[in-house]
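Here are some friendly notes to read alongside the model. Take the points one at a time, and find each residue in the viewer as you go.

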Amino acid sequence: MVFEPPKRLVRALGETAPDGDDWLEKLPAAAQQAVALRELTVERVQVPGGRSSLVVLVRAADGTPAVLKLAPGRARPEAERAALAHWAGRGAVQLLEPASTEGVLLLERLHPDVSVRSLPEAKALLEAAGTLRRLWVEPPADFTFETVAERTGRQAEAMRARALAEPEVAALVELALAAREELIAAPPEHRLLHGTFRQSKVLGGERLPWLAVGPDPVVGECAFDLARLVRDRVEDLIAQPSGAATTRRRVKRLAESLDVDQERLRGWTLFRAVESGVRAGRVGRLRDAELLLEFAGWL
């Protein structure tokens, strides 16, 4: 089988490495090698798939359905492996091969085309939040994950540079950066976090109705993780006449349901929305940038 990377993956990797790299060029051969080494039977490449990895639906030699995932080093697949091993299936997809080739993960097969995003909005938020709560555990002592302060520090530098180039976003950027400075000064807890959690990252499973996939793990406070969920379906929020009020109610409801400080959740939601909006503008996704920055303005 020829492993053709989905267009979405090619486009997304082009955004994160505009000068290109050789991972995509080597990907078909690496996928063939990973399949042969494990004696897997390939069913299909998942399309449109993710923005940072190739996902292949396979069956093991004994017929067990599984997922083979290949990711470049900059997507931090070894951190993902360490987090999934630590969670051991509690709220997240299970590793089928704890030790493996670098950049290759063999995972439990979930229902790849069924996410909580398919549920009505209120139910989707409830199920997603319940899944996220199970992931917030003490981090393992034997793996050093990036911290929220470290990750957002890198992001803050890129935001400052963008604000200089685009004065129209400077005011929002300054608000977001000020919120970050206050938040990182005294985090209330240090937990292992999913890092990129949203409704589309929660898929239907057999062991449990819903399980999280695709973490970019980070250690820090729970409000940081929950902040990305607040803006899920942002295009629907923007389209509503009452979008701003709905957003503020969502912040309150999610904070109360997961015992997170409401103001800290609002602050991290602001920072993450502005950071994503600035980054989208930088790579030419202007519609996404417009939506995210308008949403951030409501906070």
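1. Let's start in a loop. Glu 206 is found between β7 (202-204) and β8 (210-212); helices (H or I, at least four residues) and strands (E, at least two) are DSSP runs, numbered from the N terminus. Glu 206 is exposed, because its relative accessible area is 62%. For that word the cut-offs are these: buried means under 20% relative accessible area, exposed over 50%, and partly exposed in between, with a 1.4 Å probe and protein chains only. Look also at Ala 179: it is 27 residues from Glu 206 along the chain, and the C-alpha atoms of the two are separated by 40 Å.

2. A word on the source. This is a predicted model, in which local features need pLDDT of at least 70 and side-chain atom pairs count only at pLDDT 80 or more, while totals for chains, interfaces and linings use all residues. Residues are numbered from 1 along each chain as its sequence is written, and side-chain values use heavy atoms, with hydrogens and water left out.

3. Now the sheet. In what order do the four strands of the open sheet come? The order is β1-β2-β3-β4, with antiparallel pairing; two strands pair if DSSP finds at least two bridges between them. At the edges are β1 (41-45) and β4 (104-108), each of which pairs on one side only. From one strand to the next, the twist averages 30°. As background, strands of a sheet pair through backbone hydrogen bonds, either parallel or antiparallel.

4. Follow β2 (residues 54-59) next. Four bridges link β2 with β1 in the antiparallel sense. Thr 41 has Arg 59 of β2 as its bridge partner, and Val 45 stands opposite Val 56 in β2. Towards β3, β2 is joined by six bridges, again antiparallel, and here Val 55 faces Lys 69 in β3. Is β2 mostly covered or mostly open? It is mostly covered, with five of its six residues buried.

5. Some backbone details deserve a look. The hairpin of β2 and β3 has five residues between the strands, and Gly 63 takes a positive phi near 90° there. In the loop between β1 and β2 you will find Pro 48, and the peptide bond from Val 47 to Pro 48 is cis, with omega near 10°.

6. Two arginines also have a positive phi. Arg 76, which is not a glycine, has a positive phi of about 55°; its place is in the loop between β3 and α3. Arg 76 is partly exposed, because its relative accessible area is 30%. Arg 233 has a positive phi of about 60° and is not a glycine either. You can find Arg 233 in the loop between α7 and α8 (234-239), and it counts as buried because its relative accessibility is 12%.

7. Helix α3 (residues 77-87) lies across β3 (65-70) and β4, at about 30° to β4. Axes are lines fitted to C-alpha atoms, for helices over the stretch in contact, and angles run from 0 to 180 degrees between N-to-C directions.

8. Which helix holds Gln 155? Gln 155 lies in helix α5 (residues 148-165). Gln 155 is buried, since its relative accessible area is 19%. Leaving aside residues up to four places away in sequence, Gln 155 touches Phe 271 and Glu 275, where contact means heavy atoms within 4.5 Å.

9. Finally, compare two helix pairs. The axes of α9 (residues 243-257) and α10 (residues 262-282) come within 9 Å and cross at roughly 125°. That makes α9 oblique to α10: angles under 35 degrees count as roughly parallel, over 145 as roughly antiparallel, 65 to 115 as roughly perpendicular and the rest as oblique. Val 251, Lys 252, Leu 254 and Ala 255 of α9 meet Gln 262, Leu 265 and Arg 266 of α10.

10. For α7 (residues 222-230) and α9, the axes come within 10 Å and cross at roughly 140°. That makes α7 oblique to α9. Leu 226, Leu 229 and Val 230 of α7 make the contact with Arg 250, Val 251, Leu 254 and Ala 255 of α9.
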